[in-house]
Amino acid sequence: MSGNKEEVDPRINGIKTKIRVVPDFPKKGIMFQDITTVLLDPKAFKDTIDLFVERYRDKNISVVAGIEARGFLFGPPIALAIGAKFVPLRKPKKLPGETIFEEYELEYGNDRLEMHVGAVEAGDRALVVDDLIATGGTLCAAINLLERVGAEVVECACVIELPELKGRQKLKGKPLCMLVEYR
């Protein structure tokens, strides 16, 4: 996984072969990395979850925060396997009850992530999960949101990284674990 010079786990290549690249989606010039094809293959999906569980099992993670929407696909099974709670970080006006939010910039405007008040507490050790890191804005917003309530963000985990977009540099020095790198 990310940053290690050791031998690459053969499961990673199996996962990579299941990711579908869709040209010009959602707009011309974008090469969309589609993880729904990983979900269609039980072995690739299980391998994805297992690789993350193996990494985080003994790190005393108390909360897995999944970013809407594809972080919801990977976060819950990781949380269950490591004995942590799962907290959804959602787009505006999707959570009932009192929320706090963090705004962030996109290439084409602004957005925000919301979280229920009290879902994460000071001292929680958090893992942030999403399917992909591109420019890093969404992950950075998640980190800021969790740290504002006193959580320690241990690491961010993504299935895919697009390193040419330099998103890793926005993560406030937090480590990033990714399985597949696309250039």
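Let me begin with charge. The protein chain of this predicted model carries 27 positive and 28 negative side chains. The centres of these two sets lie 2 Å apart.

Turning to the overall fold, the protein chain contains 5 helices and 9 strands. Read from the N terminus, the elements follow the order α-β-β-α-α-β-α-β-β-β-β-α-β-β. The C-alpha atoms occupy a box of roughly 40 × 40 × 30 Å along the principal axes. For 183 residues, a compact globule would have a radius of gyration near 16 Å, and the value for the protein chain, 16 Å, agrees with that. Buried residues account for 45% of the 183. Of the contacts between residues at least 6 apart in sequence, 59% join residues at least 24 apart. The accessible surface is about 9,500 Å², and carbon and sulfur atoms contribute 52% of it.

I now come to the backbone. Most peptide bonds are trans, and most residues other than glycine have a negative phi. Which peptide bond is cis with omega near 0°? This is the bond from F25 to P26, and P26 sits in the loop between strand 1 (20-23) and strand 2 (31-34). The bond from E68 to A69 is also cis, with omega near -5°; A69 belongs to the loop between strand 3 (63-67) and helix 4 (71-82).

Finally, positive phi values. N60 has phi near 55° and lies in the loop between helix 3 (42-56) and strand 3. Its relative accessibility is 61%, so N60 counts as exposed. K172 has a positive phi of about 55°, in the loop between strand 8 (152-161) and strand 9 (176-181). At 45% relative accessibility, K172 is partly exposed.

Technical notes. Residues are numbered from 1 along each chain as its sequence is written. This is a predicted model: local features need pLDDT of at least 70, side-chain atom pairs count only at pLDDT 80 or more; totals for chains, interfaces and linings use all residues. Side-chain values use heavy atoms; hydrogens and water are left out. Helices (H or I, at least four residues) and strands (E, at least two) are DSSP runs, numbered from the N terminus. The radius of gyration is taken over C-alpha atoms; the globule rule is 2.2 Å times the number of residues to the power 0.38. Buried means under 20% relative accessible area, exposed over 50%, partly exposed in between (1.4 Å probe, protein chains only). Contact means heavy atoms within 4.5 Å. Accessible areas come from the Shrake-Rupley method with a 1.4 Å probe; for residues, only the protein chains shown count as cover. Lys and Arg count as positive and Asp and Glu as negative; His and the chain ends are not counted. The place of a charge is taken as NZ of Lys, CZ of Arg, CG of Asp or CD of Glu.
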